[in-house]
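Keep the viewer open as you read.

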Amino acid sequence: VVPYISSEEDKIESEPCKILGGFDGSQFIEAPMNISAHANRVPVLDGHTITCSLKFKKKATVEEVEAALTGFRSEIQDLKLPSAPASLINVRTEADRPQPRLDRMAGDGMCVSVGRVRECPVFGIRLVLVVHNTIMGAAGNAILNAELAKVKNLLP
């Protein structure tokens, strides 16, 4: 286990605010949230595993969080883009899931698997996520963004 990866924690703390933010027509607006990250490198074939503790403005139950994650939809699904999975979030209810070897290829590697959603005595909710680091994390998202740009006539 490598307990430090240069700039990884900074990216984990800033990128979700950009991704979950919005665009007002002239500038990007980051989502108003705080993230405290720790990153450790553990050798696996593919996949990132993320453990999260979440605090919401309003207390949420495990069932409400699972339902919100299961019901999440994105414009890319509605547009039926070729690389878009049927569901962007795959909620696992087994106690020992998600796992990189078993869940990284959900949605052909374009889906985030979430599991171990449970109460957290400090923040409210805690959970575990697994995502394919090269398919969803890099190449796949680039392809998906290009497909979206084409459908929206943003390409020359």
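The chain exposes about 10,700 Å², with carbon and sulfur atoms supplying 57% of that area (Shrake-Rupley method, 1.4 Å probe, only the protein chains shown counting as cover for residues). This is a predicted model, in which local features need pLDDT of at least 70 and side-chain atom pairs count only at pLDDT 80 or more, while totals for chains, interfaces and linings use all residues. Residues are numbered from 1 along each chain as its sequence is written, and side-chain values use heavy atoms, leaving out hydrogens and water.

Now for the fold. The chain holds 5 helices and 6 strands, arranged from the N terminus as α-β-β-β-α-α-β-α-β-β-α (DSSP runs, numbered from the N terminus: helices are H or I with at least four residues, strands E with at least two). The radius of gyration is 16 Å, close to the 15 Å of the globule rule for 156 residues, so the chain is as compact as a globular protein of that length (C-alpha atoms; the rule is 2.2 Å times the number of residues to the power 0.38).

Next, turn to helix α2, residues 62-71, where V62, V65 and L69 are buried (under 20% relative accessible area, with exposed meaning over 50% and partly exposed in between, 1.4 Å probe, protein chains only). Seen down the axis of α2, the buried residues fall within an arc of 70 degrees, so they line one face of the helix (the arc is that of the directions from the helix axis to the C-beta atoms). They pack against β4 (89-91), β5 (112-120) and β6 (124-131), with contact meaning heavy atoms within 4.5 Å. The face of α2 turned away from this buried side carries the exposed residues E63, A68 and G71.
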